[in-house]
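I opened this notebook to record what I looked up in the structure, entry by entry. The sequence and the coordinates come before the notes.

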Amino acid sequence: MSGSQLTRIVLVRHGQTDYNRDGQVQGAVDIPLNEVGRAQAQQMGPQVAKFQPSLIVTSDLGRAVETAEAIASHCAAKMRVHAGLRERGFGLFEGATRQQMEAEYPQWYQQWRETGECEAAGIEKRSVVGNRFAAAVEELAVRGGTTVFVSHGSATTQGMCSLLELDAGVWMGLKGLNNCHWSVLEESDRHPRWRLLAHNLGVSSLDEGRSMA
């Protein structure tokens, strides 16, 4: 990449919702940010805006759109909506708590927790999620600039695996992002194309870094 400006992507998870707070599976259910989530987004927004993105791309679900707007309000970047960044579909488990899943679908819940997959419950395959997320990134990442992608916990995890050419269907070594945290990847001139520079950063981790300096 010498002699040219690096292409960088910043992957952001939305702020807290009531489902996050109460331990309910969200998936494709369109749940808004709660009061805590809005405060998180307002704190996070100016920090991510410091990357000076050329474009902000968000999932079409409202909690991601509202989080993206908190970033866009602090920079000149335009926003685009892309359904490829939507959260993983969790089928029959959406809206349920762990206790409800264990009581109503004990075998399916056990299979999901052990393998990460459960087609019988209508859960979208991890590899499918990773591929559609990565395809959206490859389509819209601004060459020679920074693009912010605002999405969801599971979708972003599987998407990063695919971008790093790890098998999203079986590899589970990447911790999911906390609410309103972000990861940074840059294009490389070596294989794989993307390299992970920073993972699960947030306003609190930036404060910790300053205090340790």
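**Entry 1: Cys180.** I began with Cys180, which counts as buried at 4% relative accessibility; buried means under 20% relative accessible area, exposed over 50% and partly exposed in between, with a 1.4 Å probe and protein chains only. I noted that the model is predicted, that local features need pLDDT of at least 70 and side-chain atom pairs pLDDT 80 or more, and that totals for chains, interfaces and linings use all residues. Residues are numbered from 1 along each chain as its sequence is written, and side-chain values use heavy atoms, with hydrogens and water left out.

I placed Cys180 in the loop between α7 and β5; helices (H or I, at least four residues) and strands (E, at least two) are DSSP runs, numbered from the N terminus. Cys180 is not a glycine, yet I found a positive phi of about 55° for it. For reference, most residues other than glycine have a negative phi, and most peptide bonds are trans.

**Entry 2: Asn200.** I then turned to Asn200, which has a positive phi of about 60° and is not a glycine either. Asn200 sits in strand β6 (residues 194-201). With a relative accessible area of 16%, Asn200 is buried. I listed its contacts (heavy atoms within 4.5 Å). Neighbours within four places in sequence aside, Asn200 is in contact with Lys175, Gly176, Leu177, Asn178, His181, Trp182 and Ser183.

**Entry 3: β5 and β6.** I checked how β6 is paired. Strands β5 and β6 run antiparallel and are joined by five bridges; two strands pair if DSSP finds at least two bridges between them. Within this pairing, Glu186 stands opposite Arg195 in β6. The hairpin from β5 to β6 passes through six residues. Pro192 is found in the loop between β5 (182-187) and β6. I recorded the peptide bond from His191 to Pro192 as cis, with omega near -5°.

**Entry 4: β2, α3 and β3.** I next examined a parallel pair. Strand β2 (residues 55-58) is joined to strand β3 (residues 78-81) by four bridges, and the two run parallel. From β2 the chain crosses through helix α3 (residues 62-72) to β3, in a right-handed β-α-β crossover. Right-handed here means that, with the strands pointing away from the viewer, the path from the first strand over the helix to the second runs clockwise. Thr58 has Val81 in β3 as its bridge partner.

How much of α3 is covered? I found that α3 is mostly covered, with eight of its eleven residues buried. The buried residues are Arg63, Ala64, Val65, Thr67, Ala68, Ala70, Ile71 and Ala72. The elements that cover them include β1, α2 (35-49), β2, β3 and β4 (146-151).

**Entry 5: Thr17.** I located Thr17 in the loop between β1 (8-13) and α1 (18-22). Thr17 counts as buried, at 0% relative accessibility. I looked for polar contacts of its side chain; such a contact is a pair of N or O atoms within 3.5 Å, where within protein one must be able to donate a hydrogen and the other to accept it, and residues adjacent in sequence count only if both atoms are side-chain atoms. A polar atom of the Thr17 side chain lies 3.2 Å from the backbone nitrogen of Tyr19. For the backbone nitrogen of Asn20, the distance to a polar atom of the Thr17 side chain is 3.1 Å. Not counting residues up to four places away in sequence, Thr17 touches Gln26, Ile31, Pro32, Leu33, Asn34 and Arg63.

**Entry 6: Val29.** I found Val29 in the loop between α1 and α2. Val29 counts as partly exposed, at 26% relative accessibility. Neighbours within four places in sequence aside, Val29 is in contact with Tyr19, Leu61, Arg63 and Glu94. I also noted that Val29 and Glu87 are 58 residues apart in sequence and 8.9 Å apart in space, C-alpha to C-alpha.
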